[in-house]
Amino acid sequence: MSGNASKAPGRIKEIDSSSNPIIKDIKALEKKRVRTDTNSFFVEGHKLVVDALEGGWGVRTLIVGKNAAGESHVADLISKCVARGVDVLLVSNKVLASLARRDNPQMVCAVVEQKRGAPRDVSGSTSGTWVALDRVRDPGNLGTIIRTADALGAAGIILIGDTTDPFATETVRATMGSIFANPIITIDEAGFVELAGKFKGTVIGTHLEGSVDFRAPDYANEPTILLMGNEQAGLTEALVAACDHLVRIPQAGTADSLNLAIATAICLFKAREHGLPAIDGASA
């Protein structure tokens, strides 16, 4: 066979029963162990599936509600997937409901292959701001941070230690498609400390006892790692020691802390302020 032969087109199959073995396998992706073993995850929504395709991620299976298959944008997506060798499942509303975790399930879903970055992507950086998260536990927080990092032009996300799975359905949903735009790197604490020691830029950690206002560092002197602590415990002593600067967000009210996603957004906006486009009519 010629090395230039095109991939065989995907197959289209109709499924009406939620007890079908294929559907059971997809539903099993709710479990982290299954996602890890199969190196795949479940994606809900036409936009997210399109984002995956356009971002070069491997879509393994497309799931479409029969009632939506005739809509022009869905039919176009089906054609693209079949042409790329992706199998398409046309399923009943009952099957869709068995796969989704909320009312009014999306009519377009997919099984997508996981993709992660490598520590060398960080150590080799000569510009940009990376967001590092120590043991983030809340899927909504992680998804929101991934979305914010994408919006503010961060270089990527580093997940340290025992974190929530970035490919859990709740996390993916909260990213609104940004999971396909940001490199995601997972590393243990010792690995991060080693990485920080080799990093060519500045490691800035947030800490309640930080002596520097978060607005003070010269973030334009890239590259930078912005290190955020666990929602309850903050940064470990080893991670604190790996930082070049410890900063804090000054607060005027009675609250003793901020939500992790909010705190990350505030710090990341300041860190990336120099790299954001000016709004028409506003001073740069």
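Predicted model: local features only at pLDDT ≥ 70, side-chain atom pairs only at ≥ 80, totals over all residues.

User: Why are helix 7 and helix 11 called roughly parallel?

Analyst: The axes of helix 7 (residues 139–151) and helix 11 cross at roughly 15° and come within 9 Å. Angles under 35 degrees count as roughly parallel, and therefore helix 7 is described as roughly parallel to helix 11. The crossing of these two helices is right-handed.

User: What makes Asp-87 and Arg-11 a salt bridge?

Analyst: A salt bridge needs a side-chain nitrogen of Lys or Arg within 4 Å of a carboxyl oxygen of Asp or Glu, and for Asp-87 and Arg-11 the N to O distance is 3.1 Å, so the pair qualifies. Asp-87 lies in strand 4 (residues 87–91) and Arg-11 in the segment before strand 1 (12–15), so the pair ties together parts that are 76 residues apart in sequence.

User: How do you know whether Arg-11 and Asp-87 are buried, partly exposed or exposed?

Analyst: Buried means under 20% relative accessible area and exposed means over 50%, with partly exposed in between. Arg-11 has 60%, so it is exposed, whereas Asp-87, at 23%, counts as partly exposed.

User: Why is Leu-258 called partly exposed?

Analyst: Its relative accessible area is 38%, which falls between the cut-offs of 20% and 50%, so Leu-258 is partly exposed. Leu-258 sits in the loop between strand 12 (245–248) and helix 11 (260–272), and together with Ile-262 and Ile-266 it forms a nonpolar surface patch with about 230 Å² of accessible area.

Key
Residues numbered from 1 in each chain as written. Heavy atoms only, no water. Patch = residues over 30% accessible without salt bridge, like charges linked within 9 Å, V, L, I, M, F, W, Y side chains within 5 Å. Areas by Shrake-Rupley, 256 points an atom, 1.4 Å probe, with all protein chains shown as cover. Helix = DSSP H or I, 4+ residues; strand = E, 2+ residues; numbered from the N terminus. Buried < 20%, exposed > 50% of the residue type's maximum accessible area, 1.4 Å probe, protein only. Axes fitted to C-alpha atoms, helices over the stretch in contact; angles between N-to-C directions. Parallel < 35°, antiparallel > 145°, perpendicular 65-115°, else oblique. Left-handed = near helix turned anticlockwise from the far one by under 90°.
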